[in-house]
Amino acid sequence: MSGPEVGTDWRRLDPRMLVVHPVRELARFVPALLVVLFAGRVARDGEGGAWQLLAVLGPLALGIVRYLSTRYLLTPDRIAVRHGLLRRRVIEVPRARVRTVDLTATLSQRLLGLVSMRVGTGLATSTDQDDLVLDGLGAAAASRLRDDLLESTAHDGAPLPRPDARPDAGPDAGPVSRFHPSWLRFAPLDTTALAAVAAALASGASLVLQSAPDLGRRLESSAGTALRDAAPLVGVALVVLVLGAVALVLVVGPVVRAALVDGGYRLDRTPRAWRVTRGLLTRQETTLDDARVAGVVVDEGLAVRWAGGAVLRGIATGGIGEEGGLPLLVPAAPAREAEAVAARVLGVDAVRAPLRDHGPAARARRWSRAMAPAGLLAAAVIAGALAVRPATPVALATWAVAALVPLGVAAGLAADRCRALGHARLPRHLVTSAGSWRRRREVLDLDHVLGWQVRASPWQRRRGLATVRVTTAGGTGAVTLLDLPQVDLAGLAADVTPGLLDPFLTPLAAAAPRGR
Amino acid sequence: MPSAAALREPACAVDVRARWLWTAQGLGLAVLGALALGVGLPLLGPAWLPTWSVVPLLGLGVTLAVVGAGLRYRWHRYEVTPEAVYVQTGWWTREQRLAPLARVQTVDRHETALGRALGLTSLTLTTASAAGPLRIDGLRREVAAALARDVLERAGRGGDGTDQHEHQQRPPHPQQQDHPDPEPGSPLR
């Protein structure tokens, strides 16, 4: 077996990193290099030449030092890496504590057949610095080591097929899900992208409109009288042109970003894990062990949902790098794709389970919470109209529209939130759903439930509601049942954590039980 | 299981002295705020806000401190059974947190300077969830120590929800525990 072998000696990373490191250092030094090269040209003497030489050799030397000063150790019971020449740092992880092994390959590494391996222990508090990273192993060796590390932490249960039994060589060969270019249509509809578009369009428009008269005047003075009559037209054309360019950038930008990050996405099933691979240039591979999957989240922003799309994330115990406890399972894709994958991951079609509604009191709260701020806004607009006393019908209509639009938007949001709100209890899963602008359906495996948090403001108590959080080690720490009728709590608790809440329950004489 | 049942309040109130502790803390804040205003208003305050307005503001602060401490004492309750720990906090938005003892990971005791003088301790129990710990304030020192001991005895019996070997029982790791020596043969040596 070539590549990483178990032993007692400290070994260097793959020597091909000697090429990668200087390239990286050079890229990091580009601004400084430009300055030095420019200065050297200006100086035009021997000194400048020496500086130029140093500027090129410096990064090269740094890269070589970085390579030479990093060593790693694999023993049957631990894995360790040692960094640094002067300040030495050693990170050690017992093999039994390894929870995650993720592989990433930047473009330069991919060209050379290298990957970087991040070994995580699943500490909720761990930061990037605490993770053990082997930056630069041969790709084949790294994936063998990955299988090996994950296997040594796997269950006692049935013996694992040898890692070299290729995961996609089974009877149901091929990935569970793979990227389709048409998925890129969801990229500009992402909630954050949309907010950016709206903000940029608004500020761009106001900027252009503010400077338009000034622009016209300047054109007038510089281009003479011939342009005087055309100046307003030029202004309008400029506005249209700028807005068009801005919109293009804001649409094309997210699409390109999604293509680079999600392009080449595929989800594979290995004997006891899910493996997500994605990225056109930098390729990253995340392995999600079955034992770590506490559930899934179907994430649907308003616009993406209207376009028929959804994002699927796992609720994972033991965070994975930047994604925390919510590793991506399916990027923005048609909702049926996300839901089908969710059903495969959970083993049951839980995300499409019919929801139990939270009742009239919870719906009333959706309405009051959406309408109260909109009502205030409308009242302010009406007060403004009364103060200004618009004379023309057009002005009057504008004021009326300004007062009615927030109310209409709020009503739409409230109705949509009412549709989304609910939960479902399946034999082995709890399903929750809420939200409109950012709708989330969460499914939690009951084996992963830790405890309860029941929270009620005076307004909620008056209506007999409470926001119930079922805590778990995975994801963000809990799944939330928004505005659950308090009379439903006992039944829910009996299903989710049988017996746990019983000693703390008291008969609710006043309220009649709601029918199931 | 009656379907029309609600969570009752936890059985135990915290120590009565907690009320004096919280009152004292609130009064301290009120007096500090009043002092700051008393110095700041003549120098920086707007003309329409005279310096003597500190007096009614101080009165308001004192009232809030006394009433707030009373309400906090009324609603902050806890209960520990052989299976679970149950804590209630908050007089406005009320929150009840419940965790099985088997899932408790760490038990942390801490005392403020004023709390030490009154012999009062806070207890923080964490689980593997990132959604927040269970915290009991204003316990008598001996009660807190006994509770911590009881909880630690039963903690970690069923795995903490993160371990892939749920059958392999991990000992609880209280934060007071000393760090073990680095492994022999550690390259740092």
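**Close-up views of a predicted two-chain model**

In strand β5 of chain B, the bridge partner of A:V454 is B:Q96. The views below come from a predicted model, in which local features need pLDDT of at least 70, side-chain atom pairs count only at pLDDT 80 or more, and totals for chains, interfaces and linings use all residues. Residues are numbered from 1 along each chain as its sequence is written, chains are lettered from A and ligands numbered from 1 in the order in which they are written, and side-chain values use heavy atoms, with hydrogens and water left out.

**View 1. Strand β18 of chain A pairs with β5 of chain B.** Strands here are DSSP runs of E with at least two residues, helices are runs of H or I with at least four residues, and both are numbered from the N terminus. Two strands pair if DSSP finds at least two bridges between them. β18(A) and strand β5 (residues 94–100) of chain B pair in the antiparallel sense over five bridges. Five bridges also join β18(A) to strand β19 (residues 465–472) of chain A, again antiparallel, and A:Q453 stands opposite A:R469 in β19(A). Seven of the eight residues of β18(A) (residues 449–456) are buried, so this strand is largely enclosed by the rest of the structure. Buried means under 20% relative accessible area, exposed over 50%, and partly exposed in between (1.4 Å probe, protein chains only).

**View 2. An open sheet of seven strands in chain A.** The strand order is β7-β6-β5-β11-β10-β9-β8, with antiparallel pairing. β7 (132–138) and β8 (177–178) stand at the edges, each with a single partner strand, so one side of each is left without a neighbour in the sheet. Within this sheet, four bridges join β5 (residues 100–105) of chain A to β11 (residues 283–289) of chain A; A:T104 has A:Q284 in β11(A) as its bridge partner.

**View 3. Helices α9 and α10 of chain A.** Two packed helices are described by the angle between their axes and the distance between the axes. The axes of α9 (residues 359–388) and α10 (residues 393–420) come within 8 Å and cross at roughly 175°. Axes are lines fitted to C-alpha atoms, for helices over the stretch in contact, and angles run from 0 to 180 degrees between N-to-C directions. α9(A) and α10(A) are therefore roughly antiparallel to each other, a term for angles over 145 degrees. By class, their contact has 20 nonpolar, two polar and three charged residues. Ala, Val, Leu, Ile, Met, Phe, Trp, Tyr, Cys and Pro count as nonpolar, Asp, Glu, Lys and Arg as charged, and the others, Gly among them, as polar.

**View 4. Helix α12 of chain A.** Eight of the 11 residues of α12(A) (residues 486–496) are buried, so this helix is largely enclosed by the rest of the structure. Among the buried residues are A:V487, A:D488, A:L489 and A:V496.

**View 5. A:D14 and A:T8 of chain A.** A:D14 lies in the loop between β1 (11–12) and α1 (17–43) and counts as buried at 15% relative accessibility. Leaving aside neighbours within four places in sequence, A:D14 is in contact (heavy atoms within 4.5 Å) with A:Y67, A:L114, A:G136, A:L137 and A:G138. A:T8, in the segment before β1, is exposed, with a relative accessible area of 77%. The C-alpha atoms of A:T8 and A:T75, 67 residues apart along the chain, are separated by 6.2 Å.

Conventions. Angles under 35 degrees count as roughly parallel, over 145 as roughly antiparallel, 65 to 115 as roughly perpendicular and the rest as oblique.
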